[in-house]
Number of protein chains: 2
Amino acid sequence: MILKSQVEWALHCCAILAGLPEGRYLSTKALAEFHGLPKEYLSKALQSLSQAGLVHTTLGPSGGYRLARTPAELTFLDIVEAVEGKARTFVCNNIRENNPCRPQGYCESSPCAVSRFMWEADEAWRAKLRSVRLSDLTEALAQEIPAELWKSSFEWVLERAG
Amino acid sequence: MILKSQVEWALHCCAILAGLPEGRYLSTKALAEFHGLPKEYLSKALQSLSQAGLVHTTLGPSGGYRLARTPAELTFLDIVEAVEGKARTFVCNNIRENNPCRPQGYCESSPCAVSRFMWEADEAWRAKLRSVRLSDLTEALAQEIPAELWKSSFEWVLERAG
DNA sequence: TTATTAAGGATATAAAATATCCCTATTCCA
DNA sequence: TGGAATAGGGATATTTTATATCCTTAATAA
Ligand code: SF4
Ligand code: SF4
């Protein structure tokens, strides 16, 4: 069970978009080039963000993406779920209904304890992701990335932002 | 990102094995029949449990599996990791090294903030799984499964246990 | 001796992730 | 006003993973 790489891409792209000045947009092309990613496929991840309402888009030259909310109002969970989906990571195949001792016509009313415990763990994962804001990420990155690289990256992006 | 169905199978099988009297073994065949699962493939999941040291096995007629520890000493995490592996669910592809502004020869020392936050969430998931013991599961199942079905299932298993 | 079992290697099939291609409508700009 | 650049989305191809089956071997109980 491994998250799609699009999750990482989306998080990095949002981190970049978080540094974009008000009202400006950054294209798929620029984001793909900056991260060294396949443009067409990254585009699918960005479309997921768009469909989830996390980013705004415009068309035409100088078009692209910008965040739909402030970085403090965007959580990791928003981004992860936009790309990976909201489905729980444990799916119940209801194998208990194959129990040969099960009475005819007997119908289980609710998910069994196995799924409940697994879903609690799933929820713990989501709760943690929900507690991390995009602004937390950008603050942490600003701390750990060398000031010069941080600055030149910002300039690189601004040159290409529409 | 969805857990393999073998995870559910392994949890249900362990729940059954937890009810087995001391010193007795239950075969793949019986476990597969009880849960309505493909015997050969379920066997792979049970082999994973065996390799992880969670169950003991014996060969020959009346051979099969029994728990290697008491249900109170076995956690959900033990079982999930035995089947699904211990690898983290977020893998870092180090795309930051594609940053065009990155100085030549510059080498990132440690994983960036993105992976750290994602790994914290992963750890929250594991911590929750670690906190649930197999005995918690059997207690919950004993509560929610009708007494009669619980009893007949136990008898069904005992008839086939070596 | 014979039947039965776990273990594990080899292989086949189905599903999901990854990736590319192409067409459309929109928008900017020369 | 026309051409270039953009997001969106459908179709398709490739690669990887999950699912499933088959077969051989060694151990064991009866
Ligand atoms: S997890 Fe529970 S509800 Fe889901 S299949 Fe297993 S027994 Fe049924
Ligand atoms: S998550 Fe961090 S360490 Fe991993 S690739 Fe992205 S930037 Fe690099």
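Start with DNA strand D and select its atoms within 4 Å of the protein: 56% belong to sugar or phosphate, and the rest to bases. The model is predicted, so local features need pLDDT of at least 70 and side-chain atom pairs count only at pLDDT 80 or more, while totals for chains, interfaces and linings use all residues. Residues are numbered from 1 along each chain as its sequence is written, chains are lettered from A and ligands numbered from 1 in the order in which they are written, and side-chain values use heavy atoms, leaving out hydrogens and water.

Now zoom in on single side chains. An N or O atom of Q47(A) sits 3.3 Å from a base nitrogen of DNA strand D. Colour by helix (DSSP H or I, at least four residues). α3(A) gives the largest share of the surface near DNA strand D, 4 residues.

Move on to ligand 2. Which chains surround it? Residues from chains A and B do, so the site is shared between chains. Select E8(A) and H12(A), then residues of chain B including C92(B), R96(B) and S115(B). α1 (5-18) of chain A and α5 (113-131) of chain B each supply at least two residues of this shell. The shell around ligand 2 holds 5 nonpolar, 4 polar and 2 charged residues.

Key. A residue is near a molecule or strand if one of its heavy atoms lies within 4 Å of it. A polar contact is a pair of N or O atoms within 3.5 Å; within protein, one must be able to donate a hydrogen and the other to accept it, and residues adjacent in sequence count only if both atoms are side-chain atoms. Ala, Val, Leu, Ile, Met, Phe, Trp, Tyr, Cys and Pro count as nonpolar, Asp, Glu, Lys and Arg as charged, and the others, Gly among them, as polar.
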